[in-house]
Amino acid sequence: VHGEINKDDYKQYIKIKRMIRKIMQSACLFKRIACTPKHFATAGESTKAVGLKKFVLPKDNVMLSIAPIKGRYDEKGNFLVMTRGGFFIFEMIPIQKNKDGSSKFLWEEKKAVFISPRQVGEMLRLKTDPEPGPKKQKGVVVSFKSKVLGNTSGTFSINATDEDAFTVTYAEEKGKDKLCEMKIVIEKTEFLVIQKLFHYSLPFLYGWEHLGDQRTLIPELKATKPQVFELLTPYDSY
């Protein structure tokens, strides 16, 4: 059926069409923003969750495993706020050597230690190419206690050796009784890779990967004496 179109009806039709288009565009934008921080995705990429691969280093009798754990975010009003900072998990898994030449990981005997960013900073202090001399590098020792395991205490340490390597030791004791001890020797090139991974991961443990996001709120600088603050760091000096 052919006929004339009422101008008022046509204007209303165009208005509704534009409104629907804006709603669809807003919905697509919201979906992209909502998925990005949770699934590490950007426009044009997959929105599926990503599983990170651990750094694993199997040796003769022990395998070392290192994994970063991101911070925890909770809703606070209209914002997402980090309520728990990130950290690293170091795991030591014994390896059983069988007579037929095969190996078996003893997962039920695995030991794990949580390492904070500050403790990682101590590990970054260690040098893979120290200056020659009689002075030996000071190692890193992390002490821990566990009430879950019946007031068990222990240490997790990394020490430089005289053969361009580092020894990682996990020791567990209860009173004067030594319950467990595992050691693994890491070559300096392997330890250098671990340090590089530490350097890359640290900003993410503090949530600083969101600095480039316009939605991120940056705390304002505050001083008890503004006039002193201005004299020390004038804004026009930046």
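F198 is buried, at a relative accessible area of 1% (buried means under 20% relative accessible area, exposed over 50%, partly exposed in between, with a 1.4 Å probe and protein chains only). The model is predicted: local features need pLDDT of at least 70, side-chain atom pairs count only at pLDDT 80 or more, and totals for chains, interfaces and linings use all residues. Residues are numbered from 1 along each chain as its sequence is written, and side-chain values use heavy atoms, leaving out hydrogens and water.

F88 is also buried, with a relative accessible area of 2%. A search of the whole structure finds nine aromatic pairs. Rings of Phe, Tyr and Trp (its six-membered ring) pair if their centres lie within 6.5 Å; planes under 30 degrees apart count as stacked, over 60 as edge-to-face and the rest as tilted. Two of the pairs are tabulated here.

| Pair | Centre distance | Plane angle | Class |
|---|---|---|---|
| F88 and F198 | 4.9 Å | 70° | edge-to-face |
| F105 and W107 | 5.6 Å | 40° | tilted |

F88 lies in strand β5 (residues 87-97) and F198 in helix α3 (residues 188-205), so their pair ties together parts 110 residues apart in sequence. Helices (H or I, at least four residues) and strands (E, at least two) are DSSP runs, numbered from the N terminus. F88 and F198 form one aromatic cluster with F90 and F156.

F105 is partly exposed, at 32% relative accessible area. W107 is partly exposed too, at 49%.

The protein has four helices and eleven strands. Of its 238 residues, 26% are buried.
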